[in-house]
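Subject: The structure, and what turned up in it

Hi,

Here is the structure I promised to pass on. Have a look at it first, then read on below.

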Amino acid sequence: MQQQSILITGSSTGFGRLAAETLARKGHIVFAGMRGIHRRNESAARELNELARRENLRLHVLELDVTDDASVRTAVDRVLETAGRVDAAVNNAGMMATGLDEGFTDDQLQALFDTNVFGVQRVIRAVLPHMRERRSGLLLTVSSNMARITFPFLGIYCASKRAVEGLAESYRYQLAPLGIDSVIVEPGGYPTALFTKIVTPEDTARVDSYGPLAELPQKMFGGLAASLRGPDAPNPQEVADVIARLIETPVGSRPLRTIVDHHLGDALKTLNEVSANVHEQLLTAHGMGELLSPAGSLPPVATTVDV
(Lines give C-alpha, C1' and ligand atoms only; values in the text may rest on other atoms or scores of the structure.)
Protein backbone atom coordinates (compact mmCIF):
# COMPACT_ATOMS: atom_id res chain seq x y z
CA MET A 1 0.00 0.00 0.00
CA GLN A 2 1.38 3.40 -0.98
CA GLN A 3 1.66 5.96 1.78
CA GLN A 4 -0.56 8.96 1.06
CA SER A 5 -0.66 12.55 2.30
CA ILE A 6 -4.20 13.26 3.52
CA LEU A 7 -5.83 16.48 4.70
CA ILE A 8 -9.01 16.14 6.79
CA THR A 9 -11.26 19.02 7.89
CA GLY A 10 -13.37 18.93 11.04
CA SER A 11 -11.03 16.53 12.82
CA SER A 12 -11.70 17.51 16.43
CA THR A 13 -14.53 14.98 16.87
CA GLY A 14 -16.71 12.44 15.10
CA PHE A 15 -15.98 11.03 11.67
CA GLY A 16 -13.06 13.39 11.09
CA ARG A 17 -11.31 12.48 14.34
CA LEU A 18 -11.80 8.74 13.79
CA ALA A 19 -10.71 8.93 10.15
CA ALA A 20 -7.53 10.80 11.13
CA GLU A 21 -6.61 8.18 13.73
CA THR A 22 -7.53 5.27 11.44
CA LEU A 23 -5.55 6.53 8.45
CA ALA A 24 -2.52 7.47 10.55
CA ARG A 25 -2.45 3.98 12.05
CA LYS A 26 -2.51 2.59 8.52
CA GLY A 27 0.77 4.38 7.86
CA HIS A 28 -0.46 7.44 5.98
CA ILE A 29 0.66 11.02 6.57
CA VAL A 30 -2.41 12.67 8.06
CA PHE A 31 -3.10 16.36 8.62
CA ALA A 32 -5.99 16.73 11.05
CA GLY A 33 -7.49 20.16 10.48
CA MET A 34 -9.68 21.87 13.04
CA ARG A 35 -10.39 25.42 14.14
CA GLY A 36 -9.29 26.82 17.47
CA ILE A 37 -6.46 24.41 18.28
CA HIS A 38 -5.35 26.80 21.04
CA ARG A 39 -8.88 27.65 22.19
CA ARG A 40 -12.13 25.70 21.78
CA ASN A 41 -10.45 22.55 20.45
CA GLU A 42 -7.26 22.73 22.46
CA SER A 43 -7.96 19.44 24.26
CA ALA A 44 -8.74 17.60 21.01
CA ALA A 45 -5.54 18.91 19.43
CA ARG A 46 -3.51 17.90 22.47
CA GLU A 47 -4.99 14.39 22.48
CA LEU A 48 -4.15 13.85 18.80
CA ASN A 49 -0.62 15.18 19.27
CA GLU A 50 -0.13 12.86 22.25
CA LEU A 51 -1.46 9.92 20.21
CA ALA A 52 1.01 10.71 17.44
CA ARG A 53 3.92 10.76 19.89
CA ARG A 54 2.79 7.66 21.76
CA GLU A 55 2.26 5.51 18.65
CA ASN A 56 4.93 7.18 16.47
CA LEU A 57 2.36 8.23 13.88
CA ARG A 58 2.79 10.78 11.12
CA LEU A 59 -0.25 12.65 12.39
CA HIS A 60 -0.12 16.45 12.37
CA VAL A 61 -2.71 18.80 13.84
CA LEU A 62 -3.44 21.94 11.81
CA GLU A 63 -5.35 25.13 12.49
CA LEU A 64 -7.99 25.09 9.76
CA ASP A 65 -11.20 27.10 9.70
CA VAL A 66 -13.08 26.25 6.51
CA THR A 67 -14.98 29.56 6.70
CA ASP A 68 -11.73 31.55 6.41
CA ASP A 69 -9.89 31.75 3.07
CA ALA A 70 -6.53 32.60 4.65
CA SER A 71 -6.81 29.78 7.18
CA VAL A 72 -7.51 27.24 4.43
CA ARG A 73 -4.64 28.45 2.24
CA THR A 74 -2.21 28.45 5.18
CA ALA A 75 -3.19 24.91 6.15
CA VAL A 76 -2.73 23.59 2.61
CA ASP A 77 0.63 25.37 2.34
CA ARG A 78 1.76 23.62 5.51
CA VAL A 79 0.71 20.24 4.13
CA LEU A 80 2.75 20.89 0.99
CA GLU A 81 5.75 22.12 2.98
CA THR A 82 5.67 19.06 5.25
CA ALA A 83 4.73 16.24 2.89
CA GLY A 84 5.39 17.74 -0.54
CA ARG A 85 1.97 16.77 -1.87
CA VAL A 86 -1.74 16.43 -1.12
CA ASP A 87 -3.00 13.04 -2.26
CA ALA A 88 -6.45 13.32 -0.70
CA ALA A 89 -8.59 16.07 0.79
CA VAL A 90 -11.43 14.92 3.03
CA ASN A 91 -14.10 17.59 3.43
CA ASN A 92 -15.72 16.53 6.68
CA ALA A 93 -16.32 19.80 8.59
CA GLY A 94 -20.00 20.57 8.94
CA MET A 95 -22.81 21.85 11.12
CA MET A 96 -26.41 20.74 11.57
CA ALA A 97 -29.64 22.66 12.10
CA THR A 98 -33.12 21.52 13.01
CA GLY A 99 -36.39 23.36 13.52
CA LEU A 100 -39.08 25.18 11.60
CA ASP A 101 -37.34 26.54 8.53
CA GLU A 102 -39.05 29.94 8.68
CA GLY A 103 -37.50 30.53 12.10
CA PHE A 104 -33.94 30.52 10.79
CA THR A 105 -32.57 33.99 10.11
CA ASP A 106 -30.58 34.99 7.04
CA ASP A 107 -27.44 35.12 9.17
CA GLN A 108 -28.01 31.58 10.41
CA LEU A 109 -28.53 30.30 6.89
CA GLN A 110 -25.38 32.08 5.74
CA ALA A 111 -23.34 30.58 8.57
CA LEU A 112 -24.52 27.05 7.84
CA PHE A 113 -23.88 27.27 4.10
CA ASP A 114 -20.54 28.98 4.74
CA THR A 115 -19.38 25.84 6.53
CA ASN A 116 -21.24 23.06 4.71
CA VAL A 117 -20.94 24.35 1.13
CA PHE A 118 -18.60 27.33 0.73
CA GLY A 119 -16.09 25.69 3.07
CA VAL A 120 -15.91 22.66 0.80
CA GLN A 121 -15.28 24.88 -2.22
CA ARG A 122 -12.54 26.78 -0.36
CA VAL A 123 -10.66 23.58 0.42
CA ILE A 124 -11.10 22.22 -3.10
CA ARG A 125 -9.82 25.45 -4.68
CA ALA A 126 -6.82 25.37 -2.36
CA VAL A 127 -5.75 21.80 -3.22
CA LEU A 128 -6.79 21.46 -6.87
CA PRO A 129 -3.98 23.44 -8.55
CA HIS A 130 -1.48 21.07 -6.93
CA MET A 131 -3.53 17.97 -7.82
CA ARG A 132 -4.03 19.12 -11.41
CA GLU A 133 -0.31 19.73 -11.80
CA ARG A 134 0.40 16.19 -10.62
CA ARG A 135 -2.67 14.79 -12.46
CA SER A 136 -3.47 12.80 -9.36
CA GLY A 137 -5.62 13.20 -6.28
CA LEU A 138 -8.85 12.50 -4.44
CA LEU A 139 -11.56 14.86 -3.22
CA LEU A 140 -13.75 13.10 -0.67
CA THR A 141 -16.87 14.86 0.58
CA VAL A 142 -18.64 13.63 3.69
CA SER A 143 -22.30 14.35 3.01
CA SER A 144 -25.41 12.74 4.52
CA ASN A 145 -28.31 10.47 3.65
CA MET A 146 -30.34 13.68 3.98
CA ALA A 147 -28.83 14.88 0.73
CA ARG A 148 -31.04 12.30 -0.98
CA ILE A 149 -34.15 12.44 1.22
CA THR A 150 -35.99 15.26 3.00
CA PHE A 151 -36.47 14.83 6.73
CA PRO A 152 -39.10 17.17 8.22
CA PHE A 153 -37.66 20.08 10.20
CA LEU A 154 -34.17 19.58 8.77
CA GLY A 155 -34.81 21.62 5.65
CA ILE A 156 -31.82 23.94 5.58
CA TYR A 157 -29.46 21.13 6.53
CA CYS A 158 -30.87 18.96 3.71
CA ALA A 159 -30.54 21.92 1.34
CA SER A 160 -26.87 22.42 2.21
CA LYS A 161 -26.06 18.75 1.69
CA ARG A 162 -27.85 18.66 -1.66
CA ALA A 163 -25.92 21.74 -2.72
CA VAL A 164 -22.57 20.26 -1.78
CA GLU A 165 -23.36 16.98 -3.52
CA GLY A 166 -24.15 18.88 -6.71
CA LEU A 167 -20.75 20.53 -6.42
CA ALA A 168 -18.91 17.29 -5.68
CA GLU A 169 -20.63 15.45 -8.54
CA SER A 170 -19.82 18.22 -11.01
CA TYR A 171 -16.16 18.01 -9.98
CA ARG A 172 -16.39 14.25 -10.55
CA TYR A 173 -17.05 14.74 -14.26
CA GLN A 174 -14.70 17.70 -14.73
CA LEU A 175 -11.71 16.07 -13.07
CA ALA A 176 -11.99 12.42 -14.16
CA PRO A 177 -10.02 13.06 -17.40
CA LEU A 178 -7.20 14.53 -15.27
CA GLY A 179 -6.82 11.44 -13.09
CA ILE A 180 -8.51 13.05 -10.07
CA ASP A 181 -11.48 11.43 -8.32
CA SER A 182 -14.31 13.23 -6.54
CA VAL A 183 -16.41 10.96 -4.34
CA ILE A 184 -19.18 11.32 -1.77
CA VAL A 185 -19.82 9.41 1.46
CA GLU A 186 -23.45 9.44 2.66
CA PRO A 187 -23.70 8.42 6.33
CA GLY A 188 -27.00 7.81 8.07
CA GLY A 189 -27.56 8.73 11.71
CA TYR A 190 -24.54 8.17 13.98
CA PRO A 191 -23.82 9.35 17.53
CA THR A 192 -21.31 12.14 16.93
CA ALA A 193 -20.76 15.63 18.31
CA LEU A 194 -22.74 16.99 15.35
CA PHE A 195 -25.89 16.27 17.34
CA THR A 196 -24.62 18.01 20.47
CA LYS A 197 -23.86 21.26 18.59
CA ILE A 198 -27.10 21.47 16.64
CA VAL A 199 -28.37 24.93 15.63
CA THR A 200 -31.98 25.91 16.28
CA PRO A 201 -34.03 28.86 14.95
CA GLU A 202 -33.23 32.26 16.44
CA ASP A 203 -36.48 33.91 15.34
CA THR A 204 -38.54 32.48 18.18
CA ALA A 205 -41.47 34.77 17.45
CA ARG A 206 -41.90 33.16 14.03
CA VAL A 207 -41.62 29.72 15.60
CA ASP A 208 -44.17 30.48 18.33
CA SER A 209 -46.65 31.70 15.73
CA TYR A 210 -46.95 28.11 14.48
CA GLY A 211 -48.73 27.10 17.67
CA PRO A 212 -48.66 23.37 18.56
CA LEU A 213 -46.74 22.60 15.36
CA ALA A 214 -43.75 24.39 16.86
CA GLU A 215 -43.32 21.52 19.33
CA LEU A 216 -42.86 18.86 16.65
CA PRO A 217 -39.19 19.52 15.80
CA GLN A 218 -38.10 18.89 19.38
CA LYS A 219 -40.18 15.71 19.55
CA MET A 220 -38.67 14.52 16.27
CA PHE A 221 -35.14 15.35 17.33
CA GLY A 222 -35.66 13.74 20.73
CA GLY A 223 -36.71 10.50 19.08
CA LEU A 224 -33.77 10.63 16.68
CA ALA A 225 -31.30 11.33 19.49
CA ALA A 226 -32.74 8.48 21.56
CA SER A 227 -32.20 6.05 18.69
CA LEU A 228 -28.51 6.97 18.67
CA ARG A 229 -27.96 6.15 22.32
CA GLY A 230 -27.43 2.84 24.04
CA PRO A 231 -25.51 -0.34 23.30
CA ASP A 232 -27.21 -0.91 19.93
CA ALA A 233 -26.32 2.51 18.54
CA PRO A 234 -24.36 2.44 15.26
CA ASN A 235 -20.60 2.88 15.58
CA PRO A 236 -19.12 6.00 13.86
CA GLN A 237 -15.97 3.98 13.23
CA GLU A 238 -17.89 2.36 10.36
CA VAL A 239 -17.82 5.67 8.49
CA ALA A 240 -14.12 6.20 9.20
CA ASP A 241 -13.39 2.72 7.83
CA VAL A 242 -15.30 3.48 4.62
CA ILE A 243 -13.36 6.75 4.21
CA ALA A 244 -10.10 4.83 4.62
CA ARG A 245 -11.21 2.18 2.13
CA LEU A 246 -12.10 4.78 -0.48
CA ILE A 247 -8.76 6.53 -0.06
CA GLU A 248 -6.94 3.24 -0.57
CA THR A 249 -9.03 2.27 -3.64
CA PRO A 250 -7.29 2.89 -6.99
CA VAL A 251 -8.22 5.99 -8.98
CA GLY A 252 -11.06 5.44 -11.43
CA SER A 253 -12.43 2.51 -9.40
CA ARG A 254 -14.10 4.51 -6.66
CA PRO A 255 -17.89 4.83 -6.77
CA LEU A 256 -19.29 8.35 -6.91
CA ARG A 257 -21.48 7.75 -3.86
CA THR A 258 -21.02 5.34 -0.95
CA ILE A 259 -23.84 4.84 1.54
CA VAL A 260 -23.15 4.03 5.19
CA ASP A 261 -26.62 3.60 6.65
CA HIS A 262 -28.17 0.92 8.88
CA HIS A 263 -31.78 1.63 7.94
CA LEU A 264 -32.14 3.20 4.50
CA GLY A 265 -29.22 1.63 2.68
CA ASP A 266 -31.20 -0.33 0.09
CA ALA A 267 -33.59 2.53 -0.70
CA LEU A 268 -30.77 5.05 -1.05
CA LYS A 269 -28.80 2.63 -3.22
CA THR A 270 -31.77 2.47 -5.60
CA LEU A 271 -31.96 6.27 -5.73
CA ASN A 272 -28.25 6.53 -6.44
CA GLU A 273 -28.36 3.91 -9.17
CA VAL A 274 -31.23 5.71 -10.92
CA SER A 275 -29.36 9.02 -10.64
CA ALA A 276 -26.20 7.47 -12.09
CA ASN A 277 -28.13 6.06 -15.05
CA VAL A 278 -29.77 9.41 -15.75
CA HIS A 279 -26.46 11.25 -15.69
CA GLU A 280 -24.82 8.67 -17.93
CA GLN A 281 -27.59 9.13 -20.49
CA LEU A 282 -27.43 12.92 -20.16
CA LEU A 283 -23.69 13.22 -20.66
CA THR A 284 -23.60 10.69 -23.46
CA ALA A 285 -26.48 12.39 -25.29
CA HIS A 286 -24.65 15.72 -25.14
CA GLY A 287 -21.35 14.35 -26.39
CA MET A 288 -19.63 14.34 -23.01
CA GLY A 289 -19.38 10.60 -22.44
CA GLU A 290 -15.61 10.89 -22.05
CA LEU A 291 -16.19 12.64 -18.72
CA LEU A 292 -17.64 9.46 -17.24
CA SER A 293 -15.09 7.44 -15.30
CA PRO A 294 -15.73 3.79 -14.36
CA ALA A 295 -18.41 3.64 -11.69
CA GLY A 296 -16.60 0.98 -9.67
CA SER A 297 -18.00 -0.51 -6.49
CA LEU A 298 -16.91 -1.20 -2.96
CA PRO A 299 -16.94 -4.78 -1.73
CA PRO A 300 -20.20 -5.32 0.18
CA VAL A 301 -19.93 -4.29 3.83
CA ALA A 302 -22.63 -4.33 6.47
CA THR A 303 -22.68 -0.56 6.79
CA THR A 304 -23.87 -0.03 3.22
CA VAL A 305 -27.05 -2.06 3.53
CA ASP A 306 -30.02 -2.30 5.87
CA VAL A 307 -29.25 -4.38 8.95
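First, some housekeeping. This is a predicted model, where local features need pLDDT of at least 70 and side-chain atom pairs count only at pLDDT 80 or more, while totals for chains, interfaces and linings use all residues. Residues are numbered from 1 along each chain as its sequence is written, and side-chain values use heavy atoms, with hydrogens and water left out.

**Helix pairs**

Two packed helices are described by the angle between their axes and the distance between the axes. The axes here are lines fitted to C-alpha atoms, for helices over the stretch in contact, and the angles run from 0 to 180 degrees between N-to-C directions. Helices (H or I, at least four residues) and strands (E, at least two) are DSSP runs, numbered from the N terminus.

Start with helix α4 (residues 106–134) and helix α5 (residues 155–175): their axes are 8 Å apart, at an angle of about 15°. The two are therefore roughly parallel. For that label, angles under 35 degrees count as roughly parallel, over 145 as roughly antiparallel, 65 to 115 as roughly perpendicular and the rest as oblique. The crossing of α4 and α5 is right-handed, where right-handed means the near helix is turned clockwise from the far one by less than a right angle, and left-handed means anticlockwise. On the α4 side the contact (heavy atoms within 4.5 Å) includes Leu109, Phe113, Val120 and Leu128, and on the α5 side it includes Ile156, Ala163, Leu167 and Leu175. By class there are 15 nonpolar, three polar and one charged residues in the contact of α4 with α5. In that count Ala, Val, Leu, Ile, Met, Phe, Trp, Tyr, Cys and Pro are nonpolar, Asp, Glu, Lys and Arg are charged, and the others, Gly among them, are polar.

Next, helix α1 (residues 14–25) packs against α2 at an angle of about 15°, with the axes 12 Å apart. That makes this pair roughly parallel too, and the crossing of α1 and α2 is right-handed. Arg17, Glu21 and Arg25 of α1 meet Ala44, Glu47, Leu48, Leu51 and Glu55 of α2. The contact of α1 with α2 has five charged residues, three nonpolar and no polar.

Helix α1 also packs against α8, at about 50° and with the axes 8 Å apart, so α1 and α8 are oblique to each other. From α1 come Phe15, Leu18, Ala19, Thr22 and Leu23, which meet α8 residues including Val239, Ile243 and Ile247. That contact divides into nine nonpolar, two polar and one charged.

**Nonpolar cores**

In soluble globular proteins, nonpolar side chains tend to be buried together. A nonpolar core here is a set of buried Ala, Val, Leu, Ile, Met, Phe, Trp, Tyr and Cys residues joined through side-chain atoms within 4.5 Å. Buried means under 20% relative accessible area, exposed over 50%, and partly exposed in between (1.4 Å probe, protein chains only).

The largest core has 35 residues, of which Ile8, Leu59, Val90, Leu140, Ile243 and Ile247 touch the most other members. Helix α8 (residues 237–247) gives the most to this core, with seven residues. Apart from it lies another core, of 31 residues, including Ala93, Ile124, Met131 and Leu175.

**Single residues**

Ser5 sits in strand β1 (residues 5–8) and counts as buried, at 0% relative accessibility. Leaving out residues up to four places away in sequence, Ser5 touches Ile29, Phe31, Val79 and Asp87, among others.

Thr115, in helix α4, is buried as well, at 13% relative accessibility.

Arg78 belongs to helix α3 (residues 69–83) and counts as partly exposed, at 35% relative accessibility. Beyond residues up to four places away in sequence, Arg78 touches His60, Val61 and Leu62.

Lastly, the backbone. Most residues other than glycine have a negative phi. In Asn56, however, phi is positive, near 55°. Asn56 lies in the loop between α2 (42–55) and β3 (59–63) and is exposed, with a relative accessible area of 72%. Phe153 also has a positive phi, near 70°, and is found in the loop between β5 (137–142) and α5.

Cheers
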